[in-house]
Amino acid sequence: IGVLVVGLVLFFAAGLHRILTFDALRTHRVDLAAWVAEHRLLAALLYVAAYAVLVAFSLPLAALATLLGGLLFDTVLGSALAVVGATIGAIAVFLAARSAFGNLLRARADSFLGRMEAGIRRDAFSYLLFLRLIPVFPFWLVNIAPAVFKVPVRTYAITTFLGIIPGTAVYCSVGAG
């Protein structure tokens with residue numbers, strides 16, 4: 001929990017929320033594209049790592065990062081890289097919630113989480129896949145709730161990976177355009 005809090009505080013204290021914007025992306029688009037063309041593999045690895053970190057810390061940059069993936073890598077590769085990065089980051093949050101503060105969250109679960117728990121207990125795979133495909137609930141909540149309700153890591157990882165593909169592809173196609 002401490003690492004997550006420190007990461008969020010550092011993100012905002014460093015002013016990154018003012019630097020990492022659509023305007024900055026537009027301003028530096030040509031330079032970024034040239035660097036990616038010159039260092040394709042390194043750029044892809046850095047993109048996946050950065051995406052995983054922003055999801056792991058629940059930073060409000062997923063839409064921008066996904067658009068960036070499309071812009072820099074095209075729709076297909078950008079989508080693949082974003083899905084991998086988001087899945088890695090989501091698994092990190094899931095594992096942190098499961099080990100660090102899952103019992104506390106479970107004890108404080110309100111009726112909303114109780115309804116979510118009932119769906120997860122009936123059929124975790126289908127329920128989680130639905131939550132990912134129809135993004136009605138915040139991404140961070142769907143990262144944490146399954147951990148609180150002790151969904152197996154494998155089920156969580158597969159449903160996250162598959163469930164975010166369509167939305168990611170849409171955002172990457174916009175970024176590529």
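This is a predicted model: local features need pLDDT of at least 70, side-chain atom pairs count only at pLDDT 80 or more; totals for chains, interfaces and linings use all residues.
The protein chain has an average pLDDT of 84, and 84% of the residues score at least 70.

Now look at a helix pair. Helix α3 (residues 22-38) and helix α5 (residues 62-73) have axes that come within 10 Å and cross at roughly 35°. The crossing of α3 past α5 is right-handed. On the α3 side, F22, L25, R29, L32, A33 and V36 make the contact, and they meet L64, L67, L68, L71, L72 and F73 of α5. Sorted by type, the residues of this contact come out as eleven nonpolar, one charged and no polar.

Next, the core. The largest nonpolar core has 41 residues, and Y51, F73 and I120 touch the most other members. Helices α3, α4 (40-56), α5, α6 (75-107), α7 (111-122), α8 (124-133), α9 (139-148) and α10 each put at least two residues into this core. Pick I120 and, setting aside residues up to four places away in sequence, you'll find it touching Y127, L128, P146, F149 and V151.

Finally, hop over to A176, which sits in helix α10. A176 counts as partly exposed because its relative accessibility is 38%. Beyond its neighbours within four places in sequence, A176 is in contact with G70, L71, D74 and T75.

Definitions and conventions. Residues are numbered from 1 along each chain as its sequence is written. Side-chain values use heavy atoms; hydrogens and water are left out. Axes are lines fitted to C-alpha atoms, for helices over the stretch in contact, and angles run from 0 to 180 degrees between N-to-C directions. Helices (H or I, at least four residues) and strands (E, at least two) are DSSP runs, numbered from the N terminus. A crossing is left-handed if the near helix is turned anticlockwise from the far one by less than a right angle, and right-handed if clockwise. Contact means heavy atoms within 4.5 Å. Ala, Val, Leu, Ile, Met, Phe, Trp, Tyr, Cys and Pro count as nonpolar, Asp, Glu, Lys and Arg as charged, and the others, Gly among them, as polar. pLDDT is the predictor's confidence in each residue, from 0 to 100. A nonpolar core is a set of buried Ala, Val, Leu, Ile, Met, Phe, Trp, Tyr and Cys residues joined through side-chain atoms within 4.5 Å. Buried means under 20% relative accessible area, exposed over 50%, partly exposed in between (1.4 Å probe, protein chains only).
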